[in-house]
Amino acid sequence: MSNDKDKVQQEFSKAEKYFKKGQGTYDEALKYYLQLYRYCKDDMALNYKIGVCYLYGSDKKAALSYLLQSDASIAGDYYYYLGKAFQYNYKYTEAQAAFEQYYEFNNHRHTKDKLEQLMQLKRECIYGQSVLQDSIPVFIYNLGPVVNTYYDDYGAVFVPDDSIFYYTSRRPRKETAHRVSRFKYNEKILYSKGSLQENPVESYPLKKLSKSRHTAVAGYNKKQDRLYYYQGKEQTGNIYSTEVKRGKAKKQKDLNGKINHIAYKETSLTVAEDGSAFFISNRRGGQGGKDIWFCQQRGKNRFSGIKNIGGLINTPFDEECVCVSADGNTLYFSSNGHEGMGGFDVFKSEKLDNGTWSAPVNMG
């Protein structure tokens with residue numbers, strides 16, 4: 001019995017250490033919490049923490065069964081996490097009820113921003129329930145362990161003939177003996193040879209770029225064969241362009257024309273064949289959060305006429321990952337402020353004859 005108590009205490013200490021470090025190590029905490037679960041399945045605090053860990057991992061649906069074995073006496077955000085778990089399981093009626101309970105349970109703590117967030121969550125539940133009746137069949141393929149790792153890998157763009165793609169990764173340059181927080185290492189740009197029809201067999205670092213700052217893919221100009229990349233700190237940074245030859249970034253240039261702002265963060269840039277350009281920024285003068293802005297490309301690295309695309313597309317929340325079609329007539333982007341199924345959904349908008357954009361449509 002003494003050995004069992006010692007083991008439980010060891011597992012608990014390890015789990016708590018990783019949980020307190022934050023989201024980047026929740027999956028490490030989860031392994032030890034699940035060991036503890038064998039001994040104390042009815043512990044509501046343990047069930048709550050297991051549920052939270054699952055919500056920030058890859059198997060989000062698994063959170064629900066554990067959170068249902070806990071309650072609001074454990075944590076003030078219990079109903080919020082329960083609502084998110086219901087959402088991930090497509091139980092939108094139950095999710096909406098949980099979010100409403102969260103509001104009632106924490107009524108005295110709500111700010112204006114928090115109330116807007118809760119209203120958005122309720123809108124997601126209403127929309128999610130309706131969109132389930134009209135789903136689109138798609139197939140999603142995993143590109144394998146060379147591209148996808150324990151750390152975050154995202155933001156892939158293809159060159160014109162689709163023979164190479166560049167992407168952002170937060171993996172270490174050399175594999176460590178022990179896994180650490182997903183947020184520990186700087187973003188870096190990697191590239192792989194291959195296409196969506198065959199899994200890459202190797203990934204390579206894009207050379208001649210800074211290793212001391214975050215460096216991430218921001219877009220690709222297929223007409224000019226130039227890679228756009230973000231470089232900077234967590235909260236502020238600029239977009240640059242570069243030619244890539246033989247795995248090296250060459251002729252790196254800052255973008256002219258006020259796309260970059262010293263006090264704000266620009267994260268993605270997309271350019272149509274006619275030079276119409278769209279980018280993401282959290283600068284002032286928008287609708288709130290990160291917005292889509294547009295301008296006109298006047299040269300390889302010069303842009304002018306910057307304007308906010310407006311309140312029909314931008315919301316008080318965040319718009320991200322904007323992409324324009326080659327002919328400049330269709331805009332794709334992600335948003336957590338329009339009607340969606342929860343979190344960031346993908347939307348599209350069509351350019352109208354008068355030059356304005358249609359109301360965004362959820363991709364389903």
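**Figure 1. Confidence along the predicted chain.** Averaged over the protein chain, pLDDT is 90, and 98% of the residues reach 70 or more. Everything shown in these views comes from a predicted model. Confidence is lowest in helix H1 (residues 2-20), where the mean is 83. At the other end of the scale, helix H4 (residues 63-67) has the highest value, 98. A friendly reminder for browsing any such model: where pLDDT is low, the predicted coordinates should not be read in detail.

**Figure 2. Helices H2 and H3 pack with a left-handed crossing.** Let us start with the helix pairs. Helix H2 (residues 26-37) packs on helix H3 (residues 44-55) at an angle of about 145 degrees, and their axes lie 9 Å apart. On the H2 side, the contact is made by Tyr26, Ala29, Leu30, Tyr33, Leu34, Leu36 and Tyr37. H3 answers with Leu46, Asn47, Lys49, Ile50, Val52, Cys53 and Tyr54. Sorted by class, the residues of this contact are 12 nonpolar, 1 polar and 1 charged.

**Figure 3. Helix H5 meets helix H6.** The axes of helix H5 (residues 78-88) and H6 come within 8 Å and cross at roughly 170 degrees, which means that H5 is roughly antiparallel to H6. From H5, look for Tyr79, Tyr80, Leu82, Gly83, Lys84, Phe86 and Gln87. Their counterparts in H6 are Tyr92, Glu94, Ala95, Ala98, Phe99, Gln101, Tyr102 and Phe105. The contact of H5 with H6 has 10 nonpolar, 3 polar and 2 charged residues.

**Figure 4. Helix H6 packs against helix H7.** Here helix H6 (residues 92-105) and helix H7 (residues 112-131) make an angle of about 165 degrees, and their axes are 8 Å apart. H6 is therefore roughly antiparallel to H7. The crossing of H6 with H7 is left-handed. Tyr92, Thr93, Ala95, Gln96, Phe99, Glu100, Tyr102 and Tyr103 form the H6 side of the contact. Among the H7 residues they meet are Leu115, Leu118, Leu121, Cys125 and Ile126, along with Lys114, Lys122 and Glu124. By class, the contact of H6 with H7 counts 10 nonpolar, 4 polar and 4 charged residues.

**Figure 5. An open antiparallel sheet of strands S1 to S4.** Now for the strands. The 4 strands follow the order S1-S2-S3-S4, with antiparallel pairing. At the edges are strand S1 (153-158) and strand S4 (203-205), each pairing on one side only. From one strand to the next, the twist averages 30 degrees. Strand S3 (residues 188-193) is joined to S4 by 3 bridges in the antiparallel sense. A handy landmark is Ser192, whose bridge partner in S4 is Ser203.

**Figure 6. An open antiparallel sheet of strands S5 to S8.** Its 4 strands are arranged in the order S5-S6-S7-S8. Strand S5 (214-221) and strand S8 (248-254) are the edge strands, and each pairs on one side only. On average, direction ignored, neighbouring strands of this sheet are turned by 35 degrees against each other. Strand S6 (residues 226-232) runs antiparallel to strand S7 (residues 237-245), and 6 bridges join them. To find your place in this view, look for Tyr230, which stands opposite Ile239 in S7.

Conventions. Residues numbered from 1 in each chain as written. Predicted model: local features only at pLDDT ≥ 70, side-chain atom pairs only at ≥ 80, totals over all residues. Heavy atoms only, no water. Pairing = 2+ DSSP bridges. Helix = DSSP H or I, 4+ residues; strand = E, 2+ residues; numbered from the N terminus. Axes fitted to C-alpha atoms, helices over the stretch in contact; angles between N-to-C directions. Parallel < 35°, antiparallel > 145°, perpendicular 65-115°, else oblique. Left-handed = near helix turned anticlockwise from the far one by under 90°. Contact = heavy atoms within 4.5 Å. Nonpolar A, V, L, I, M, F, W, Y, C, P; charged D, E, K, R; others polar. pLDDT = per-residue confidence, 0-100.
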